[in-house]
Amino acid sequence: MHRYASLVVLGLGLAAATDADAQDLTIYGGAALVYSIEPDGPGTGNRLAFQPYIEAEASGFYAGLWLSLADESVANEVDIYLGYRNETATGMTYDFGYTRYYYPNDGGNCCGELTVALGTSVGDKLSLAVEAAYDPEASIGTASIGADYALTDVFSLGAAVGVTDNGNEQEWEFGGSYYVTDEAYIDLHYYEGSDYDGYVELTLSFDTTLFQR
């Protein structure tokens, strides 16, 4: 999760803010099966990862744990995050958080990022999102802007462009998502950057509410 979130992931996180407002405590959970085609460049092979998470939210404040378990041990990752998210009276969503990254098989405690994400809807079909992150230890910032357009009730297309390494590098993505149910979707995205080769990711994801009180 080091590079900026895809529009699908960002949209899910922002949407959760309004769902939990009426509850004192909500616990979310889910998992994704992610197949990356040549994630480290042409001819280097593919990667399969299982990515479960669990998150608790109360009155807009949240904390969670996200794991990536890959078939290459060096790619395994553990993210611990917390923050606050909500929605303004005009319908703009906002999310302020902090994420700590751990790589158990590659040095352990890596680094942390302060994050901010803003989202809004333009009509019934178009959603816009802006995200920025800053690593205070390394003094490195990233930022991205993206859009998602709902072609139907279950199928949408999205794209995003961003900068990393304090603007010295660029990256972009585009793809589509198909919602099989309200809790499960299939996503196909292409990613490329000025400092890494392009690759394709196919994601099968399931998200649900585990508990409300």
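The exercises below work through a predicted model of one protein chain.

Residues are numbered from 1 along each chain as its sequence is written.

**Exercise 1.** State how many helices and strands the protein chain has, and what share of its residues is buried.

Solution. 
- Helices (H or I, at least four residues) and strands (E, at least two) are DSSP runs, numbered from the N terminus.
- A residue is buried under 20% relative accessible area, exposed over 50%, and partly exposed in between (1.4 Å probe, protein chains only).
- Of the 213 residues in the protein chain, 39% are buried.

**Exercise 2.** Describe the surroundings of arginine 100.

Solution. 
- Arginine 100 lies in strand S5, which covers residues 93–103.
- Its relative accessible area is 16%, so arginine 100 is buried.
- Contact means heavy atoms within 4.5 Å. Leaving out residues up to four places away in sequence, arginine 100 touches Val78, Asp79, Ile80, Asn109, Cys110, Cys111, Gly112 and Glu137.
- A polar contact is a pair of N or O atoms within 3.5 Å; within protein, one must be able to donate a hydrogen and the other to accept it, and residues adjacent in sequence count only if both atoms are side-chain atoms. The side chains of arginine 100 and tyrosine 98 make such a contact at 2.8 Å.

**Exercise 3.** Find the disulfide, and give its handedness.

Solution. 
- A disulfide is a pair of cysteine sulfur atoms within 2.5 Å.
- The whole structure holds one disulfide, between cysteine 110 and cysteine 111, with an S to S distance of 2.4 Å.
- The torsion about the S-S bond of cysteine 110 and cysteine 111 is about 65°, so the disulfide is right-handed.
- Cysteine 110 is partly exposed, because its relative accessible area is 35%. Cysteine 111 is buried, because its relative accessibility is 8%.

**Exercise 4.** Work out how strands S10, S11 and S12 are paired.

Solution. 
- Two strands pair if DSSP finds at least two bridges between them.
- S10 (residues 169–179) and S11 (residues 184–193) pair in the antiparallel sense over nine bridges. Four residues separate S10 and S11 in their hairpin, and tryptophan 172 stands opposite glutamate 192 in S11.
- S11 and S12 (residues 196–212) also pair in the antiparallel sense over nine bridges. A hairpin of two residues joins S11 to S12, and tyrosine 185 stands opposite serine 205 in S12.

Conventions:
This is a predicted model: local features need pLDDT of at least 70, side-chain atom pairs count only at pLDDT 80 or more; totals for chains, interfaces and linings use all residues. Side-chain values use heavy atoms; hydrogens and water are left out.
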